[in-house]
Amino acid sequence: MAPGILVDDTSSRDGLQLEETSDNIDAVNVIKGKTNFADGKDKTQFRQYEDACDRVKNFYLEQHTKQTVAYNLKARNHYKHRKPVEMTIWEAMEKLNTLIDDSDPDTSLSQIQHLLQSAEAMRRDGQPRWMQVTGLIHDLGKLLFFYGSEGQWDVVGDTFPVGCAFDERIIYPGTFAANPDSQDPIYATELGVYTPNCGLDNVMLSWGHDEYLYHVVKDQSTLPAEALAMIRYHSFYPWHKEGAYRHLMDLEGHDEKMLAAVKEFNPYDLYSKSDGVPDVEKLKPYYMELIDEFFPERVLKW
Ligand SMILES: [Fe+2]
Ligand SMILES: [Fe+2]
């Protein structure tokens, strides 16, 4: 692969800062996932949660202000007419690793390590091979940060639908005030541009690493629908964790099945980080075979 082919301008992109934001976002979701604040008993946990939230507050303010329908249409257009970069899955993993280049392995895992840990935890639990490969690739969409994104806010963070009212169960629901869609006569209504139970396939989710990777792999792999859902919805916490947006799910039971899959996936993403550091070179042959099984074309258009 020609060096620098993917990167428009790495110098203006701080991979470490993206990583730090992403880690803080995960920390918030980890604490939220482990604690029930509703009874008011767990005050220590609540403080930890508030501290973690403080670190991501400005990030979400920016994201919630800028993720509009107009921006989302633009991002999808940009994607559709991009000049695709050609890479195998493993090359993409290495690319992401180098670009983020975490020089302090004590405080944070490298991208490849996080991906391998998720996949390894699934493998240990006897999860199917398609799920292991999904664990292996689920964050490769972060490559978006290095070409085509406007900042961190359209790469990482929890996701939510645009084109209808922002639900109270989205993290920091008070930070949408400056988003013009929150005043729009159509977009600000509960259904917005959608019809009841139209199915999540027909709903536009805020643009980021999940949505981008979903678009990349849906036509370039033999992954089942559950795997594509795990990729597309893994940051859609208001839905898979908080139970919001059920009125947009289809009535045939497809989205319900996808929800179950995403819930099964989530702990491997959030809680595998404390596992031992995986030996990349030792694990590579096993995963290369797995990748070939689900990506028969081998080289993908990114
Ligand atoms: Fe992710
Ligand atoms: Fe992840």
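**Exercise 1. In this predicted model, how far apart are the iron ion (ligand 1) and the iron ion (ligand 2), and which residue coordinates both?**

Solution. 
- Take the distance first: the two iron ions are 3.7 Å apart.
- Asp-139 coordinates both ions.

**Exercise 2. Which protein donors does the iron ion (ligand 1) have, and what spacing do they follow along the chain?**

Solution. 
- List the donor atoms: OD of Asp-139, NE2 of His-209 and NE2 of His-234.
- Check the distances. These donors lie 2.1 to 2.2 Å from the ion.
- Read along the chain: the spacing is D-x69-H-x24-H.
- His-209 sits in helix α7 (residues 209–218), and His-234 in the loop between α8 and α9. They are 25 residues apart, and the pair links distant parts of the chain.

**Exercise 3. Is His-234 buried or exposed?**

Solution. 
- The cut-off for buried is under 20% relative accessible area.
- His-234 has 2%, so it is buried.
- Apply the test to His-209: its value is 4%, so His-209 is buried too.

**Exercise 4. What does His-234 touch, and with which side chain does its own side chain make a polar contact?**

Solution. 
- Leave out residues up to four places away in sequence. The contacts then include His-138, Asp-139, His-209, Asp-210 and Asp-269.
- The polar contact is with the side chain of Asp-139, at 3.2 Å.

Technical notes
Residues are numbered from 1 along each chain as its sequence is written. Chains are lettered from A and ligands numbered from 1 in the order in which they are written. This is a predicted model: local features need pLDDT of at least 70, side-chain atom pairs count only at pLDDT 80 or more; totals for chains, interfaces and linings use all residues. Side-chain values use heavy atoms; hydrogens and water are left out. Buried means under 20% relative accessible area, exposed over 50%, partly exposed in between (1.4 Å probe, protein chains only). Contact means heavy atoms within 4.5 Å. A polar contact is a pair of N or O atoms within 3.5 Å; within protein, one must be able to donate a hydrogen and the other to accept it, and residues adjacent in sequence count only if both atoms are side-chain atoms. Donors are N, O and S atoms within 2.8 Å of the metal (3.2 Å for Na, K and Ca); water is not among the atoms, so sites may look incomplete. Helices (H or I, at least four residues) and strands (E, at least two) are DSSP runs, numbered from the N terminus.
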